[in-house]
Amino acid sequence: MASPPENTQVLREAFESTRDLFVAFGDRHRQDIVLVLADGADLTVREVAERIGLSRPATSHHLRILREAGLLGERREGRRTYYHPTFGAAFDLLTGLLRAVEETQGRPE
C-alpha cells in the first residue's frame, strides 16, 4: 500500500483527469443528451435539439462540451454531423478515480 502523501497525489491526479467529465455531466441538459444518444442512434444537432427541447445553438454548445470531455464522437456525412456516445475512456477514468479513493480512504462498508 502506498504512503499517505503518495495516495494523496494519486487521488489528486485522478480527480484532475476526471474534472471535464464532472463538468460535462453537471448539467441537466447534457445529461438529457447523453440519455438520448445512449439509445444507440447517431443523431444530428437538429434531432437532438428536438428530442430534448432546446434550441439548436444551445444544443450545439452542450454537444461541444460533451465532445471535448470525450463523451461523444462525431461523423460527417456531407453537410450533416452525426453524434454518438464514446463512453469507454470516460468509464476507465471514473474507475481509476474510484480506485484512487479506495486506496486513500479505504472501501466504504
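What kind of contact do the side chains of E74 and R67 meet in? They meet in a salt bridge, at 3.4 Å from N to O. A salt bridge here is a side-chain nitrogen of Lys or Arg within 4 Å of a carboxyl oxygen of Asp or Glu.

This is a predicted model, where local features need pLDDT of at least 70, side-chain atom pairs count only at pLDDT 80 or more, and totals for chains, interfaces and linings use all residues. Residues are numbered from 1 along each chain as its sequence is written, and side-chain values use heavy atoms, with hydrogens and water left out.

**Salt bridges**
- The structure holds seven salt bridges.
- E74 also pairs with R76, whose closest N and O atoms are 3.6 Å apart.
- R75 and E77 form a salt bridge too, with 2.3 Å between the closest N and O atoms.
- A network of salt bridges links D42, R75 and E77.

**How exposed the partners are**
- R76 is exposed, at 60% relative accessibility (buried is under 20% relative accessible area, exposed over 50%, partly exposed in between, with a 1.4 Å probe and protein chains only).
- E74 is partly exposed at 31%, and R67 is partly exposed at 33%.
- R75 counts as partly exposed at 31%, and E77 does at 45%.

**A nonpolar patch**
- F15, F22 and V101 form a nonpolar patch on the surface (residues with over 30% relative accessible area and no salt bridge, nonpolar side chains Val, Leu, Ile, Met, Phe, Trp and Tyr being joined within 5 Å, like charges within 9 Å).
- Together they have about 250 Å² of accessible area, by the Shrake-Rupley method with a 1.4 Å probe, where for residues only the protein chains shown count as cover.
- F15 is partly exposed, with a relative accessible area of 40%.
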